Amino acid sequence: MDYRAQIVKTAFYSRAFLVVLQYISNHAISDHKADAFRYISTHNSTDFSIMEHLLGGFVRWDAQYFMHIAKFGYTYENTLAFFPLYPVVVGFLGESVVELIGRWYIDSVLILIFIIANIYLFQKAALALYDLTTFALNNCEIAYQSARLFCFNPASVFFVAPYTETLFSYLTFLGMLRALQFFKKYSDPNKVFAKKDLLGLVPIALSTATRSNGLLNICFLLYTFICWYKVSREIWVWQRKSRYFTAAKLVCVMLTSTIFCLLPFLFFQMYSYAKFCKIFPVESLPAEVLQQAKDNEWILPGQHAKYNQSWCNNLVPLAYNYVQKHYWNVGFMQYYEWKQWPNFVLAAPMLGIITFSCLRHIWLHLIKKHKLQIFTLADTKDYYCNKKRHMNVTVFYVHALFLALYSMFFVHIQVSTRLIAAASPVFYWVCSRQFTRWKVRALSPLAERCLMFYFAFYFIVGTVSFCNFFPWT
């Protein structure tokens, strides 16, 4: 079977089904009157009315922010919670198109670019997950099943709507794959480090300009370097050259790689500081933007003298943490309120699957075996892999467990489903084992049906709820 061709088809048809489901649900059910941000749209454009009629169900919740940023830029301080790569690139493409066809078409063009880009990038992300799984686990069947489950994941609506999930998952899976390939290549003592291999860092660097948790991808890269150092220390290269010189060279490579990957994130923080921690006139903004800021008492660029935001005076002025806490009350256990129990129920399946699977993996592979070999990616034998040799993937489970614990205590709990679905391959690996011959302890038929129901229910009900402004964010 041509797995890659099948994955592309499945990815495309699942997106097409979501578009149709969005259209039907958006017109069959009245929108919930949610207290959410609304971007300023061009209502007097006939073409936009048509586009809103066809795809308007996807422009909900945070998608409104991305539409606003793509159209107007970072005009309010609360928009700094959304990183620039995705909306700014789409905004640039949209502006290029409307220069040819007219400014009145900007809203329609932006919606189309957002949706088309996500459909295309989703196919690339599914293939990246397949390649990553094949490389790490050496099992095409698991890789194929993981990619198929990715196409119907519980957060699917966010992978079509103007959200960063699709782009981030593609960059994350590709970045992880490049890091593993880097380790595999330079574990061979006959290989010489090439500067062009640093190009493999581009996906990780771009992920830090897409979402804040892209910074964790840098930690994954550093982990790979440490594993490389551990292997290199035991091979003949270290016998012929100065150990200290080689170690210093590795440290330089690590520092260079880290700085390179951090640059997009740092540039955005510098931009945020220059935009909202300086004093300058704001008359250049459109009148409707100024009016919206006045109606909602939002902070505009250049108004630091008036509001004196606290984050601007920090030793390291990072806007993201301040904006999340100030505008959305994000912080340690800040979301633990009785009225939020439905959102905890929505997040429970994802958090339960990840937490249990990761703790079980760590127990079996680190604690029970009394080896505690955390810093190694070397090939290993695993009892549930039919004795096929594959890489040690414990770091992926530690990464997924961290995401789950962070979601439980530091973010709005309902976000955890899409956060983990876009950032970790472990969820798909764990679930795919229940639908293939590669199993540890096969789930009961009832449990397998429950897992299938979970995917189908969130795929369908999540889309219907999101498209009608119900709290499915």
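This is a predicted model: local features need pLDDT of at least 70, side-chain atom pairs count only at pLDDT 80 or more; totals for chains, interfaces and linings use all residues.
Residues are numbered from 1 along each chain, and side-chain values use heavy atoms, without hydrogens or water.

**Helix 1 and helix 19**
- Helices are DSSP runs (H or I, at least four residues), numbered from the N terminus.
- The axes of helix 1 (residues 3-28) and helix 19 (residues 445-467) come within 9 Å and cross at roughly 45 degrees.
- Helix 1 and helix 19 are therefore oblique to each other.
- Contact means heavy atoms within 4.5 Å.
- On helix 1 the contact residues include Phe 17, Leu 18 and Leu 21; on helix 19 they include Phe 459, Ile 460 and Val 464.

**Annotated spans**
- An unreviewed UniProt entry marks residues 104-122, 204-229, 250-271, 341-363, 391-409 and 451-472 as "transmembrane region"; such annotations may be inferred rather than shown by experiment.
- Residues 204-229 are 73% helix and 0% strand, with end C-alpha atoms 20 Å apart.
- Residues 451-472 are 77% helix and 0% strand, and their end C-alpha atoms also lie 20 Å apart. A strand is a DSSP run of E, at least two residues.

**Aromatic pairs**
- The structure holds 48 aromatic pairs.
- Rings of Phe, Tyr and Trp (its six-membered ring) pair if their centres lie within 6.5 Å; planes under 30 degrees apart are stacked, over 60 edge-to-face, and the rest tilted.
- Tyr 65 and Phe 82 have ring centres 4.6 Å apart and planes at 25 degrees, so the pair is stacked.
- Tyr 65 sits in helix 3 (residues 62-72), and Phe 82 in the loop between helix 3 and helix 4 (85-101).

Conventions:
Axes are lines fitted to C-alpha atoms, for helices over the stretch in contact, and angles run from 0 to 180 degrees between N-to-C directions. Angles under 35 degrees count as roughly parallel, over 145 as roughly antiparallel, 65 to 115 as roughly perpendicular and the rest as oblique.
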